[in-house]
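Got your viewer open and a cartoon view loaded? Let's walk through this one stop at a time, selecting as we go.

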Amino acid sequence: MSTAEQQPNETPSDALLGPADIRELAAALGVRPTKQKGQNFVIDANTVRRIVRTAEVRPDDVVVEVGPGLGSLTLALLEAADRVTAVEIDDILAAALPATIEARMPGRKDRFALVHSDAMLVTELPGPAPTALVANLPYNVAVPVLLTMLDRFPSIERTLVMVQAEVADRLAAEPGNKVYGVPSVKANWYAHVKRAGSIGRKVFWPAPNVDSGLVSLVRRAEPIKTTATKAEVFAVVDAAFAQRRKTLRAALAGWAGSAAGAEAALVAAGVSPQARGESLTVEEFAAIAENKPEAQRPAL
């Protein structure tokens with residue numbers, strides 16, 4: 001039987017939450033998971049422990065978790081890390097989580113902090129700078145939340161996120177892959193990205209209609225070497241994939257001011273004007289950004 005097919009609670013833990021615990025907590029709080037919020041709660045202690053192992057959480061790590069929900073993964077992270085900061089947008093869940101931590105893991109409650117906010121709006125976190133991001137991200141906001149957290153908190157060295165399988169494939173795709181696109185390139189700007197496993201549907205409540213995947217991101221030891229800014233590089237990426245079936249000469253015409261301007265920038269960057277965005281590395285996108293026609297650069 002594969003890891004993804006394991007049945008819930010083969011190795012239960014008193015501290016971690018099982019299916020009955022999750023449902024009791026949800027009933028007590030009057031919580032029903034909603035598709036609108038992308039909520040699917042993990043009900044399997046084996047799965048959250050597997051996520052923590054795959055994330056290689058260390059005893060000295062300061063972990064930030066986005067969307068802790070009822071606390072399944074939070075408790076497993078607290079078992080392994082030095083401290084955990086959870087970012088939760090839902091009023092009811094945010095209010096209940098500290099009590100769950102105190103009830104089930106009282107010896108670690110001082111190692112836990114809660115930020116009641118939308119992760120897209122968080123610009124600072126309490127306590128020491130985070131070294132790792134581990135999260136079961138809501139499907140509908142997974143990519144923007146991931147990229148925002150990586151951008152705002154450069155101290156995050158290692159990331160492991162659980163996302164919809166299709167999103168996991170896109171994030172980890174390499175140039176030339178048919179699903180390689182904007183998320184792939186932008187994630188690569190920050191980190192080395194790879195698929196780190198699959199998660200079945202039975203470990204969630206409610207069970208989603210899609211499979212999930214784990215994605216590992218290890219921050220680049222050195223930033224991409226370029227004179228272009230992140231915003232300038234991302235503008236090229238967005239333009240290239242907005243019309244992904246077109247050649248870059250055509251797709252980047254608006255960005256460069258003309259097709260001829262796009263061709264000049266591409267040639268200067270060492271990229272074929274007949275290439276398409278799906279074949280380029282993040283370094284090649286950066287080279288194109290560096291060679292944007294002067295007339296199209298913003299005035300200083």
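**Stop 1: two crossing helices**

Select helix α2 (residues 45-54) together with α3: their axes come within 9 Å and cross at roughly 50 degrees. An angle like that makes α2 oblique to α3. Look at the handedness too, as α2 passes α3 in a right-handed crossing. Keep in mind throughout that this is a predicted model.

Now show side chains at the contact. On the α2 side, pick Val48, Arg49, Ile51 and Val52; they meet Ser72, Leu73, Ala76, Leu77, Glu79 and Ala80 in α3.

Stay with α3 (residues 72-80) for a moment. How many of the nine residues of this helix are buried? Seven are, so α3 is largely enclosed by the rest of the structure. To colour them, select Ser72, Leu73, Thr74, Leu75, Ala76, Leu77 and Leu78.

**Stop 2**

Next, hide the helices and bring up the strands.

Zoom in on strand β2 (residues 62-66) and strand β3 (residues 83-88), which pair in the parallel sense over five bridges. For a landmark, click Val63 in this pairing: the residue opposite is Val84 in β3. As background, strands of a sheet pair through backbone hydrogen bonds, either parallel or antiparallel.

**Stop 2: aromatic rings**

Searching the whole structure turns up five aromatic pairs. Start with Phe41 and Trp205, a tilted pair at 6.3 Å centre to centre with 40 degrees between the planes. This pair links distant parts of the chain, with Phe41 in strand β1 (residues 41-42) and Trp205 in strand β8 (residues 204-205), 164 residues apart. Buried or exposed, these two, Phe41 and Trp205? Both Phe41 and Trp205 are buried.

Then move to Tyr190 and Phe234, which pair edge-to-face at 6.4 Å centre to centre, with 80 degrees between the planes. Here the link runs between helix α7 (residues 182-190), which holds Tyr190, and helix α8 (residues 230-242), which holds Phe234; the two residues are 44 residues apart. Tyr190 and Phe234 are buried as well.

Finish by selecting Tyr180, Phe241 and Phe285, which form one aromatic cluster.

Technical notes
Residues numbered from 1 in each chain as written. Predicted model: local features only at pLDDT ≥ 70, side-chain atom pairs only at ≥ 80, totals over all residues. Heavy atoms only, no water. Phe/Tyr/Trp six-rings, centres within 6.5 Å; stacked < 30°, edge-to-face > 60°. Helix = DSSP H or I, 4+ residues; strand = E, 2+ residues; numbered from the N terminus. Buried < 20%, exposed > 50% of the residue type's maximum accessible area, 1.4 Å probe, protein only. Pairing = 2+ DSSP bridges. Axes fitted to C-alpha atoms, helices over the stretch in contact; angles between N-to-C directions. Parallel < 35°, antiparallel > 145°, perpendicular 65-115°, else oblique. Left-handed = near helix turned anticlockwise from the far one by under 90°. Contact = heavy atoms within 4.5 Å.
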